[in-house]
Amino acid sequence: MTTLRTERLALRRPAPRDWPAFRAFMLSDRAGAFGAHGDEGRAFRSFAAELGHWEIRGHGMFAVAWKGTDDAVALVGPWTPPDWPEPEIGWMVLDAAAEGRGVAFEAAQAALLHAFRDLGWPTAVSYVGTGNARSARLAERLGAVLDPRAPRPLPAPGAPPLLVYRHPHPARAAA
């Protein structure tokens, strides 16, 4: 099982014990970009997809916890469902108290390195809902740039249209 560690965080495979944090996030107003807030059934199916993604693909979004704890405060990492045009690094900060503390940035840096180095991805994008300024700033802080010609997945029902941010490949960025 893959576990990634950063200076402050541990990134592990999500587990059923993470459902309460995921549920609380998806039922909050903060989940509007995902089109699932307010509907527990859809939130449950989304969480089951997070667990199943690992089973089927062998990778997926990581549950992110502060080192020394096991409580998921975010989900961050590789996401490659069959209807996604390109491999994505996604993020959602589940715990409002963790927002603005660099959790998504630190975890996404580790996830990007993992995707390029360990999974052998030739490219990675992040799909960001229009109007989600915080996620757009995070993608840009990670070095990603808007790619208006890139194909997009259909957004979730009720979610805004998506922008595509393309991440630099570390081998090409260093050259």
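Asp 147 is buried in this predicted model, because its relative accessible area is 17% and the cut-off for buried is under 20%. Its salt-bridge partner is Arg 166, and the closest N and O atoms of the two are 2.8 Å apart. This pair brings together distant parts of the chain: Asp 147 lies in the loop between strand S7 (145–146) and S8, while Arg 166 belongs to strand S8 (residues 162–166), and 19 residues separate them. Arg 166 has a relative accessible area of 21% and counts as partly exposed.

**Strands around Arg 166**

Arg 166 also takes part in strand pairing, as the bridge partner of Val 145 in S8. S7 and S8 are antiparallel, with 2 bridges between them. What else does S8 pair with? Strand S6 (residues 125–129) is joined to S8 by 5 bridges, and these two strands run antiparallel as well. One of the contacts here is between Gly 129 and Leu 162, the latter being the bridge partner in S8.

Side chains of opposite charge can pair when their charged atoms come close. How many salt bridges does a search of the whole structure find? The count is 11. Here are three of them, including the pair we began with:

| Salt bridge | Closest N and O atoms |
|---|---|
| Arg 23 and Glu 40 | 2.8 Å |
| Glu 99 and Arg 30 | 2.9 Å |
| Arg 166 and Asp 147 | 2.8 Å |

Let us take the Arg 23 pair next. Arg 23 forms its salt bridge with Glu 40. The two connect distant parts of the chain, since Arg 23 sits in helix H1 (residues 19–26) and Glu 40 in helix H2 (residues 40–57), 17 residues apart. Arg 23 is partly exposed at 31% relative accessible area, and Glu 40 is partly exposed at 39%.

Then there is the salt bridge of Glu 99 with Arg 30. Where in the chain do Glu 99 and Arg 30 lie? Glu 99 is in the loop between strand S5 (88–93) and helix H3 (103–117), whereas Arg 30 is in the loop between H1 and H2, so that this pair links distant parts of the chain, 69 residues apart. Glu 99 is partly exposed, with 31% relative accessibility, and Arg 30 is partly exposed too, with a relative accessible area of 29%.

How values were computed:
Residues numbered from 1 in each chain as written. Predicted model: local features only at pLDDT ≥ 70, side-chain atom pairs only at ≥ 80, totals over all residues. Heavy atoms only, no water. Salt bridge = Lys/Arg side-chain N within 4 Å of Asp/Glu carboxyl O. Helix = DSSP H or I, 4+ residues; strand = E, 2+ residues; numbered from the N terminus. Buried < 20%, exposed > 50% of the residue type's maximum accessible area, 1.4 Å probe, protein only. Pairing = 2+ DSSP bridges.
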